[in-house]
Amino acid sequence: MNSKVAIQGILGSFHHQVAQEYFGKEVVVDECMSFDALVDSLLTKKTDVAVMAIENSIAGSIIPNYALIDSNNLHIIGEHYINVHHNLLALKGEQIATIKEVYSHPMALLQCKAFFKQFPHIKLIEDADTAAVAKRIHDKQLQGVGAIASKAAASIFELDMLAENIQTIKNNETRFVIVKTKNSVIPKEEINKASIMFELGTKRGSLATVLNVMSDCKLNLTKIQSLPKIETPWRYSFFVDVTFEQYEDFEKAKSLLNIMASHFKVHGEYKNAKK
């Protein structure tokens, strides 16, 4: 792949890992320090495609990213899963006893909370990105400061790993989506998963009716996430992922949902990466 890929974070981040695994080791990335910046990279055509974390098996959905995809009319063209391994990094020669503060992304801190209960002398502080903290420690030679980040970040920024795999639940998986401003051109026969969004009225049983239609059309519901409509209090959008064996079944469901739901939208049709 020759085009540049937008990632949230820097080299050594988990987004960088996904970009390498999905597009190949030689992938060129645009390092974005926020998901808003990542979307801007796509919209301004600085990049053609982006990697975006969407949910974690421990912490759940990254809800603002659903809204970013929807409000900017982005298209999901693929997905990728990784097992996230968190490590405590610091300058060479440091020990856990000498670490006073640990900085990392809020989700990383949440996933490692139990580990740090053993060390009440360490203050946990939220930061924008895991790898960016590792880089800052290296660049400024910060003593007494630790980062929660990947092994790749330890290698890139020449830091010691004071503790490995410190996440509470060892099978800690994050799902990433691959997004573009234009829809994918995957052949229909290869498509077996879709991400859709719809809104419903307040009529009793409306959601149950929609879910029954999906079931009747042989769709398997793998994810449902509600998001409040800011401009309309107590009304919600529903973001749903479905898998299916035959694309024709999904086409039938789409035609029915387009009638039943308001503001029905397909966010992406792609290959299911979770077999």
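The legends below walk through several close-up views of a predicted model.

Local features come from residues with pLDDT of at least 70, side-chain atom pairs count only at pLDDT 80 or more, and totals for chains, interfaces and linings use all residues. Residues are numbered from 1 along each chain as its sequence is written, and side-chain values use heavy atoms, with hydrogens and water left out.

**View 1. Lys45 has a positive phi.** Look for Lys45 in the loop between α2 (35–43) and β3 (49–56). Helices (H or I, at least four residues) and strands (E, at least two) are DSSP runs, numbered from the N terminus. Phi of Lys45 is near 65°, a positive value in a residue other than glycine. Lys45 counts as exposed because its relative accessibility is 69%; exposed means over 50% relative accessible area, buried under 20%, and partly exposed in between (1.4 Å probe, protein chains only).

**View 2. His263 has a positive phi in a strand.** Here we visit strand β15 (residues 262–270), where His263 is found. Phi of this non-glycine residue is near 55°. With 54% relative accessibility, His263 counts as exposed.

**View 3. Asp30 and Lys46 form a salt bridge.** A salt bridge is a side-chain nitrogen of Lys or Arg within 4 Å of a carboxyl oxygen of Asp or Glu, and the structure holds 17 of them. In the one between Asp30 and Lys46, the closest N and O atoms are 3.4 Å apart. Asp30 lies in strand β2 (residues 29–32) and Lys46 in the loop between α2 and β3, so the pair ties together parts that are 16 residues apart in sequence. Asp30 is buried, at 9% relative accessible area, whereas Lys46 is exposed, at 53%.

**View 4. Glu79 forms a salt bridge with Arg175.** The closest N and O atoms of Glu79 and Arg175 are 2.8 Å apart. This pair links distant parts of the chain, with Glu79 in strand β5 (residues 75–83) and Arg175 in strand β11 (residues 173–180), 96 residues apart. Glu79 is buried, with a relative accessible area of 3%, and Arg175 counts as buried at 3% relative accessibility.

**View 5. Glu79 also forms a salt bridge with Lys193.** In this pair, 2.9 Å separates the closest N and O atoms. Through shared partners, salt bridges join Glu55, Glu79, Arg175, Lys193, Lys223 and Asp241 into one network.
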